[in-house]
Amino acid sequence: MNVRTALVLLALALATVLALVCVLLSRGRAPGACPHRPPAQEDPDGGQSLVFADLTPAELAQVVRYLRGHLGLRLVDAARAKPSDNCIASVELQVPAKAEALRFLDGAGARPPREALAVLYFGEQAEPNVTEYVVGPLPTPLYHRDVTVRRYGGKVPYHRRPTLAVEYKQLAGFLKSQVFPTAPSFMRQVMEYDGGSLAALTAAPRGFQSGDRITWFALFQNVSGFFVHPVGLEVLVDHSSLDVSRWAVSRVFYNGQYYGDMVQLESAYVQGRISVEKVRRAPRDGDFSSMKPRAPRAAPFPLQYEPQGPRYSVRNNHVLYQAWSFAFGMSVSTGLRLFDIRHKGERVAYEISVQEAMSVYGSNCPAGMSTRYMDGSFGIGRYTSPLVRGVDCPYFATYLDVHFLAHSQLPQGSKGAICIFEQNLGSPLRRHYSNLQSLYYGGLVNSALVLRSIATVGNYDYVWDFIFYQNGAIEGKVQATGYPSSSFFYGDGLRYGNRVWDRTLGTLHTHFINYKVDLDVGGRSGSSFTACHYLGKPQCSGGLPPVC
């Protein structure tokens, strides 16, 4: 091959590479002239969906500013509040009443005022309580009204408040500075504790009768994937007092035995009256719990692409896809929610939304046997995490940011926490190959639009999908991944789960996922129902969020 031929081939190769780069960089932009380009979809929404849009960072800040200036109370930043302080726990959109929203959406009424729902903890009052205010109109608030009694039938006692992130920090500090030092020999020789080598995981609920605020904390090795590295020590903390200095240990559990407190455990250990089971020290990456790939890197995964850009449009919080249109938002407590879902312009549902994710555990250890997590109390929307392009969602997906205010007086954000994409389902929607009388073939590609978010609540990562199909079906889908919850393996542990490591019991548990489904098929409905998705066997399946 002579030099001229080599240069020509090199130039052709470079031209090909540049052409591919241009195609990738121009994703979503219209090609200059293409006879097969699909017609652009016109969005008839006209900004109506903004009545369901999440509050912006500026609006969240305005609500905080208003409350701090108009309640006549000292409000401490929730990120550093003591239980005895007043603070703003969360602020989010107050969804307008359905009747009012429908009048506006259907052109028969004015736009509802934009309002916020603020949850406040009043610890510095004669009768500490949780109060909810509706604040409006935004963007410049002029009023607030207490809606607590109307929503709950009375005042909400303070002990029922969901735990703030700062209270978990205070509890961790209590264990480290007040509890563990009372058993120095046991902690050093058995737990190999060095001040930072243990992680505590909360159980829930916090007691078994009204008025309780006591929590079991199970201890784990503080390594990657610590959820599956229990060490056998569990501590029951009474943190009902608003004075942190009066918090106390109610009971201690180690390797199948209960003790009054850590002092009693230390005494029994020093006297040789307990059965010690030292757990093999795990490396920092967690060894078997590491998320690092075990196999060598294989060839790249297959990718989908959109030759002429996406076939859907996203404007603010409104999505238009073929015959479908809908508005979406993210609740701090309950997560992803849809409003005004229409097919061919006709409303089929006013609201479809996640309501709760509950998990019930079994174990022969107290933290595990008492756990009934209700993840809405932790904040499904608050723990919505950024999505990794090409893993959590396809590379070509549309990524949207989420903003919220919870456990702090400052607005926070999660970048690229919602993704929207159309995916080929890999099988035809319909097809027929005729080889009788006449020869012909007819078929349609089967694709669907996916709206996705992923919430990491403790050990679990919940993948939330709303899927819109070409045949008019909607599917609400959730997948649970992450790490299993575990207990220390001892005695008859196999009655309560499976052994997954030397001293690790993967505990039996059941997930319940609840959706709100407010259907308006053929006209407005007067009520909604809650759909429950039971993740176990038997498992519900079907179109709209599975109903048990």
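Trainee: What does Lys 516 count as at 25% relative accessibility?

Mentor: First the general idea: buried means under 20% relative accessible area, exposed means over 50%, and partly exposed lies in between, using a 1.4 Å probe and protein chains only. Lys 516, at 25%, counts as partly exposed. Glu 351, at 9%, is buried.

Trainee: What kind of model is this, and how are its residues numbered?

Mentor: It is a predicted model, where local features need pLDDT of at least 70 and side-chain atom pairs count only at pLDDT 80 or more, while totals for chains, interfaces and linings use all residues. Residues are numbered from 1 along each chain as its sequence is written, and side-chain values use heavy atoms, with hydrogens and water left out.

Trainee: How do Glu 351 and Lys 516 meet?

Mentor: Two terms come first. A salt bridge puts a side-chain nitrogen of Lys or Arg within 4 Å of a carboxyl oxygen of Asp or Glu. Helices (H or I, at least four residues) and strands (E, at least two) are DSSP runs, numbered from the N terminus. Here, the side chains of Glu 351 and Lys 516 meet in a salt bridge, 3.1 Å from N to O. Glu 351 is in strand E15 and Lys 516 in strand E27, so their pair ties together parts 165 residues apart in sequence.

Trainee: How many salt bridges does the structure hold?

Mentor: There are 22. One of them joins Asp 520 to Lys 98, with the closest N and O atoms 3.1 Å apart. Asp 520 lies in the loop between strands E27 (509-519) and E28 (529-535), while Lys 98 lies in helix H3 (residues 98-105), so this pair ties together parts 422 residues apart in sequence. Both Asp 520 and Lys 98 are buried.

Trainee: Which residue forms a salt bridge with Asp 106?

Mentor: Arg 347 does, and the closest N and O atoms are 2.9 Å apart. Asp 106 lies in the loop between H3 and strand E2 (115-122), and Arg 347 in strand E15 (residues 346-361), so the pair ties together parts 241 residues apart in sequence. Asp 106 is partly exposed, at 48%. Arg 347 is buried, at 13%.

Trainee: Now the rings. How is a pair of aromatic rings described?

Mentor: By the distance of the centres and the angle of the planes. Rings of Phe, Tyr and Trp (its six-membered ring) pair if their centres lie within 6.5 Å; planes under 30 degrees apart are stacked, over 60 edge-to-face, and the rest tilted. The whole structure gives 23 aromatic pairs. Among them, Phe 288 and Trp 501 are stacked: 4.1 Å centre to centre, with 20° between the planes. Phe 288 lies in the loop between helix H7 (262-270) and strand E11 (312-315), and Trp 501 in strand E25 (residues 497-501), so the pair ties together parts 213 residues apart in sequence. Phe 288 is partly exposed, at 24%. Trp 501 is partly exposed too, at 32%.

Trainee: Which residues do ring pairs link into a cluster?

Mentor: Trp 216, Phe 253, Tyr 258 and Tyr 490.

Trainee: How do I read strand pairing?

Mentor: Two strands pair if DSSP finds at least two bridges between them. Take the open sheet of three strands, ordered E24-E26-E25, with antiparallel pairing. Its edge strands, E24 (486-488) and E25, each pair on one side only. E25 and E26 (residues 504-507) pair over four bridges. Asn 498 has Gly 506 in E26 as its bridge partner.

Trainee: And what surrounds E8?

Mentor: Strand E7 (residues 214-221) runs antiparallel to E8, joined by six bridges. There, Phe 220 is partnered by Pro 230. E8 (residues 230-238) also pairs with E9 (residues 248-254), antiparallel, over six bridges. Leu 233 stands opposite Tyr 254 in E9, and Leu 236 opposite Arg 251. E8 is mostly covered, with eight of its nine residues buried.

Trainee: Where does E9 lead?

Mentor: To a hairpin: E9 and E10 have two residues between them, and Asn 255 in the turn has a positive phi of about 50°. Three bridges join E9 to E10 (residues 257-259), antiparallel. Gln 257 in E10 is the bridge partner of Tyr 254.
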